[in-house]
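Please work through the exercises below with the sequence and the structure at hand. Each task is followed by a solution in steps.

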2 protein chains.
Amino acid sequence: MLTSPPPHLSPRKRPRQARATVTLDAIFEATIQVLIADGPRRLTTTRVAERAGVSVGTMYQYFPHKQALFYALNERYLDLVADKVEATCRAQQGGSVRDMVKALVATYWAAKTERVEVTQALYKSVVELDNEAMIEAFACRVDRATATMFASAADAAFADLHTVVLTLLTSIFGTVRSVFERNLPMDEAEAVLRQLVVMCVAYLDAVKLPSDGGMAPDRSRTVEVPVHDAA
Amino acid sequence: MLTSPPPHLSPRKRPRQARATVTLDAIFEATIQVLIADGPRRLTTTRVAERAGVSVGTMYQYFPHKQALFYALNERYLDLVADKVEATCRAQQGGSVRDMVKALVATYWAAKTERVEVTQALYKSVVELDNEAMIEAFACRVDRATATMFASAADAAFADLHTVVLTLLTSIFGTVRSVFERNLPMDEAEAVLRQLVVMCVAYLDAVKLPSDGGMAPDRSRTVEVPVHDAA
DNA sequence: TGAAAATATGAAGGATCGTTCAGTTTGAGG
DNA sequence: CCTCAAACTGAACGATCCTTCATATTTTCA
């Protein structure tokens, strides 16, 4: 969590006892289930509470209002995805560009397909939520991890790494989202994904600096890419 | 409009007099404005009517309920975008792959940036709408036009045109959407767009069939790509 | 011009939903 | 076991909101 949520969206209190944690998890899971079953419009505080097996009042002990619940839910999810991407990036340090792209696409796709309905439900719950800051924070984490990874590539270097990474991630995330939106059948979806890897590799090959005949980039230590705050 | 909307979402009646047409346009425009100013959650039948300068009852003469209004609004918009893409595809018949990609990206981007707030507002209004069929219809039109265009390319041919087009469009549309979602500053957004073109061209170059030394594809007549219904 | 059709009005009904709070139950620590 | 804080309950309130319909106004056209 790079940035804490805006004050009006932050939780009321944190659970101190074990049962409270259980309750919170139940509320989150119930929210997802109601979102899937009834859609965002029929997602009601009462319905969520009922499904979670708690009373409405309990929800309001943790969240000042419905929006805060949504916010926390999405934040939880994005944090999880960011974790996975970061792990992948770490694992691919020093590898080939092709492997990096493959791993990146696979990781993101896996994270989104693990529970397809959840992903689609969350895409919808995002609406009407001041989630600019949240997305920004997510993007920041992923940008940084990806840039660090590509900076360590064994077989390529890039002049404008920032733009390259931005393009790559925007297109990967966007493409995956588009695949979900179009509701493509599995076989076509997977075909597009495979092609996406081809596309990204071809792109990186097109924009990489000409290799200096044998002088491989120094990989003796990990290059940390500085945080670049987009104003 | 390839498919008519599901019965429960179709308009109640069509305007027969001039003033009715004016009213309808006012309602659509008001919907957009309220969507932008107040967000989808505060978008109320009363508010829309008020902004449109008509009474609530008038709205219900044309739409059986609020959702139908949303549906019609989005359908209108998508039809417009599809029109533009089709026009571009027609204009690029027989050109080079690079020009085609450039034109495609430019057209889609222009359509979405013409009124940025509208685009973002509509992205949000789409939620919670049985718009699968609508998106499917849009995708169908655009897929077909794009496939026809690329089939006529002067400098390349493709083995699996269907998959290539699907990949290309999914990534272009997805990337544009992602750019909007991240709210990138204009200069970065445009940089990504330029890179996107590079990316697509590199991809097409990577998957095109090896040119048969001088035997250019027959461009004497336009090849119509058959409609491919995704079951 | 006059009647029929199309269009517009907006107060009122009915239903749902978010949120509160006074009171109860449960768990932790001494 | 006792006490206090933490956690939980759910009926009730107030605020909207969607939709209808009886009525009024405007346009068409014979």
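Predicted model: local features only at pLDDT ≥ 70, side-chain atom pairs only at ≥ 80, totals over all residues.

**Exercise 1.** Determine which residues have the most contacts inside the largest nonpolar core, and list the contacts of Phe150(B).

*Solution.* Step one: the largest nonpolar core comprises 146 residues. Step two: Phe150(A) and Phe150(B) are the residues with the most contacts inside this core. Step three: when neighbours within four places in sequence are set aside, Phe150(B) touches Val97(B), Met100(B), Val101(B), Leu104(B), Ala156(B), Phe158(B), Leu161(B), Val165(B), Leu168(B) and Leu204(B).

**Exercise 2.** Classify the packing of helix 5 of chain A against helix 6 of chain A.

*Solution.* Step one: helix 5 (residues 97-113) and helix 6 (residues 116-125) of chain A pack at an angle of about 90°, and their axes are 6 Å apart. Step two: angles of 65 to 115 degrees count as roughly perpendicular, so helix 5 of chain A is roughly perpendicular to helix 6 of chain A. Step three: helix 5 of chain A contributes Tyr108(A), Ala111(A), Lys112(A) and Thr113(A), which meet Val116(A), Thr119(A) and Tyr123(A) of helix 6 of chain A. Step four: the residues of this contact comprise 4 nonpolar, 2 polar and 1 charged.

**Exercise 3.** Locate Asn183(A), and state whether Asn183(A) is buried, partly exposed or exposed.

*Solution.* Step one: Asn183(A) lies in the loop between helix 8 (161-182) and helix 9 (186-207) of chain A. Step two: Asn183(A) is not a glycine, yet its phi is positive, at about 55°. Step three: buried means under 20% relative accessible area and exposed over 50%; with a relative accessible area of 42%, Asn183(A) is therefore partly exposed.

Definitions and conventions: Residues numbered from 1 in each chain as written. Chains lettered and ligands numbered in written order. Heavy atoms only, no water. Core = buried A, V, L, I, M, F, W, Y, C linked by side-chain atoms within 4.5 Å. Buried < 20%, exposed > 50% of the residue type's maximum accessible area, 1.4 Å probe, protein only. Contact = heavy atoms within 4.5 Å. Axes fitted to C-alpha atoms, helices over the stretch in contact; angles between N-to-C directions. Helix = DSSP H or I, 4+ residues; strand = E, 2+ residues; numbered from the N terminus. Parallel < 35°, antiparallel > 145°, perpendicular 65-115°, else oblique. Nonpolar A, V, L, I, M, F, W, Y, C, P; charged D, E, K, R; others polar.
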